[in-house]
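Hi,

Here is the structure I promised to pass on. Have a look first, and then read on for what turned up in it.

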Amino acid sequence: MNILHRYWLFCACLLLPAGSYALQPFSASYQLLLDDEKKGETQFSLLLPSTGYSFEAFTLPQGKLAAIDVKHEILETSHGHFKDNRPEPDSYYYAVRNASGTQMLEFFFDWKKNQLTLRGDKEQQKFALEDGTQDHLSYILRAIMLAESNQRIARFKRISIEGTKEITLKKKLQKYISTPAGRFLALEINVETTDGKETRSLWLAVKHGFMPLLLTKNTGKGRVRMELTKVEKQ
């Protein structure tokens with residue numbers, strides 16, 4: 001490779017969208033288990049347009065939950081851009097649809113004013129927005145981008161319908177894990193909250209763009225496990 005070729009290759013790398021190099025678009029299905037009993041299914045879909053990202057999760061209950069309310073559905077979407085090698089959400093949408101109707105919440109991130117707006121069905125509230133804040137979906141993208149970086153730890157606030165929590169992501173070891181979709185070399189990311197009550201492990205596929213493979217956590221109701229069952233597109 002001559003010097004001129006290397007120069008143009010270097011320039012081309014500089015033109016890539018900041019932070020997007022660690023992500024690959026994908027669409028995949030997961031099953032949700034509580035103490036090894038199937039409770040539902042989730043579909044993840046990540047798109048990477050030139051302006052940023054669009055991440056969607058759609059969850060349907062199964063088993064006893066579906067028998068109680070067959071129309072119960074949960075839709076989450078996060079739209080945003082990239083800054084300083086991390087996702088920066090612009091909006092987060094959460095909606096639950098059941099037999100009695102649809103309830104929704106929207107979060108809007110105004111990074112210029114450092115203001116977070118929460119809009120519900122009947123009211124709207126505004127809060128201070130701290131640098132680096134993620135939503136309930138974008139924090140997964142933050143973990144993916146941490147996985148491919150030279151950093152080992154990332155700390156930030158995460159907002160969701162349950163409120164705001166301080167989150168710490170820590171890289172752990174790599175090992176092979178098995179899911180219904182196959183066997184993968186995976187990197188474990190430990191997800192901790194400051195109160196220590198919501199520690200979970202997120203396993204990412206090392207050779208498949210760090211796509212989520214497995215998420216586990218212990219709750220008061222038992223051990224929750226979300227595992228990959230099928231890759232629709234990558």
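D35 sits in the loop between β1 and β2, where strands are DSSP runs (E, at least two residues) and helices are DSSP runs too (H or I, at least four), both numbered from the N terminus. D35 is not a glycine, yet its phi is positive, at about 50°. Its relative accessible area of 46% makes D35 partly exposed; the cut-offs are under 20% for buried and over 50% for exposed, with partly exposed in between (1.4 Å probe, protein chains only). D36 is found in that loop between β1 and β2 as well, and D36 also has a positive phi, of about 70°, without being a glycine. With a relative accessible area of 70%, D36 counts as exposed.

A word on where this comes from: the model is predicted, so local features need pLDDT of at least 70 and side-chain atom pairs count only at pLDDT 80 or more, while totals for chains, interfaces and linings use all residues. Residues are numbered from 1 along each chain as its sequence is written, and side-chain values use heavy atoms, with hydrogens and water left out.

Now the strands around that loop. β1 (residues 26-34) pairs with β2 (residues 37-47) in the antiparallel sense over 9 bridges; pairing here requires at least two bridges found by DSSP between the two strands. L34 stands opposite E37 of β2, and 2 residues lie between the strands of this hairpin. β2 goes on to join β3 (residues 53-61) through 8 bridges, again antiparallel, with S54 in β3 as the bridge partner of L47. The hairpin of β2 and β3 has 5 residues between its strands, and there G52 takes a positive phi near 155°.

Further along, β5 (residues 86-98) and β6 (residues 101-110) run antiparallel, joined by 8 bridges, and their hairpin has 2 residues between the strands. A95 has M104 in β6 as its bridge partner. β6 also pairs antiparallel with β7 (residues 115-119) over 5 bridges, and F109 stands opposite L116 in β7.

Which residues touch the most other members of the largest nonpolar core? They are F55 and L169, in a core of 51 residues; such a core is a set of buried Ala, Val, Leu, Ile, Met, Phe, Trp, Tyr and Cys residues joined through side-chain atoms within 4.5 Å. Helix α3 (residues 138-148) supplies the largest share of this core, 8 residues. Leaving aside neighbours within four places in sequence, F55 has contacts (heavy atoms within 4.5 Å) that include F26, F44, L137, I140 and L141.

Best wishes
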